[in-house]
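I opened my notebook today to get to know a new structure. Here is what I looked up, in the order I looked.

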Amino acid sequence: MKKLFAIGEALIDFIPEESGKELKNVCGFQPKVGGAPANVCGAYVKLGGEGALITQLGADPFGDKIVEEFTQCGIDCTYVKRTDKANTSLAFVALKEDGNREFSFYRKPGADMMMEAKDIEAPWFQDAFALHFCSVSLGDFPMKEAHRKAIDCALRAGAVISFDPNIRLALWDNPEALKNVIWEFAPMVHVLKISDEELEFITGETDIKAVLPRLLQGNTKMVIYTRGSEGAECYTEKNHGFAASQKVKAVDTTGAGDGFIGAFLYCMARDGVTVDTLAGLSKEKMEEYLAFANKFCGMSVTKPGAIASYPSLGEMK
């Protein structure tokens, strides 16, 4: 299997030691290594693939912790830069009574935000399967241009480009700016993953079928639509697949969506799906991949944390 690259933030998630409380009322937190692009890499690697993260960390103990834990779980940190000009990003998370999460980010700026386009090198992607990214690192700072260069290099190398907007409104002063940057980058990608919670914000619609023509434009050949406990769908211009979610008792949903797309990309890489064959993926294969990703996601939410909660391929079986 070819290597999956992910670019974007790697940070420390401070997970609450107690649930059912707002962030301001939580008394204790446990530090867990995270960041959405890193989580996707972690899922891919846990299942047996090779994954590499492109990011920048502070020259601080939290940066050391991230590199050590990523290396231990098999994520390639060759492309992780370190800087003394900013600290490693931190995120404090609360799990409220309604099951939703509340975030507070310490990232003004974080070291990941300061990575520059000149730090990206085209030869990295010569034998890549895919490049995955999210919207957190697409703000008005240098990392946005690093993404643009990485996407260009990966496209030239023939890699699949995957995008999960993974919306975090708390990081944006202007929600309209976030919406605009999602639409700016979406046509560059081959695989676009959107959750039911994100669809209306991004498109102004609640019906995925009504907006598919807008989403399947530019390079985009596939839209993956996740609906939590209601299951997940996959669309191309030719085919549509659906798989139901497994019923589980969720302990912590941190990194669940990242695990889903990481598992889906693993299935694609395992079967040798390429940019040229992506649009012709059969309904049967779509549903196989969706069911696998749903099972992976379902198993992960029964344990705390993100990468630490992801099952191996052996555990999946």
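I began with strand 12 (residues 232-235) and strand 13, which run antiparallel and are joined by four bridges. This is a predicted model, so I keep that in mind throughout.

Which residue of strand 13 is the bridge partner of A232? I looked it up, and A243 is that partner.

I then checked the faces of strand 13 (residues 240-243). G241 and A243 form the covered face, while H240 and F242 form the uncovered one.

Then I stepped back to the whole chain, where I counted ten helices and 13 strands. The radius of gyration is 18 Å, close to the 20 Å that the globule rule gives for 317 residues, so the chain is as compact as a globular protein of that length. I also noted that the C-alpha trace spans about 50 × 45 × 40 Å along its principal axes.

How much of the chain is buried? I wrote down 56% of the 317 residues.

For contacts with a separation of 6 or more, I found that 71% come from residues 24 or more positions apart.

The chain exposes about 13,400 Å², with 47% of it supplied by carbon and sulfur atoms. I listed 35 positive and 44 negative side chains, and the centres of the two sets lie 2 Å apart.

Notes:
Residues numbered from 1 in each chain as written. Predicted model: local features only at pLDDT ≥ 70, side-chain atom pairs only at ≥ 80, totals over all residues. Heavy atoms only, no water. Helix = DSSP H or I, 4+ residues; strand = E, 2+ residues; numbered from the N terminus. Rg over C-alpha atoms; globule rule 2.2 N^0.38 Å. Buried < 20%, exposed > 50% of the residue type's maximum accessible area, 1.4 Å probe, protein only. Contact = heavy atoms within 4.5 Å. Areas by Shrake-Rupley, 256 points an atom, 1.4 Å probe, with all protein chains shown as cover. Lys, Arg positive; Asp, Glu negative; His and termini not counted. Charge placed at Lys NZ, Arg CZ, Asp CG, Glu CD. Pairing = 2+ DSSP bridges.
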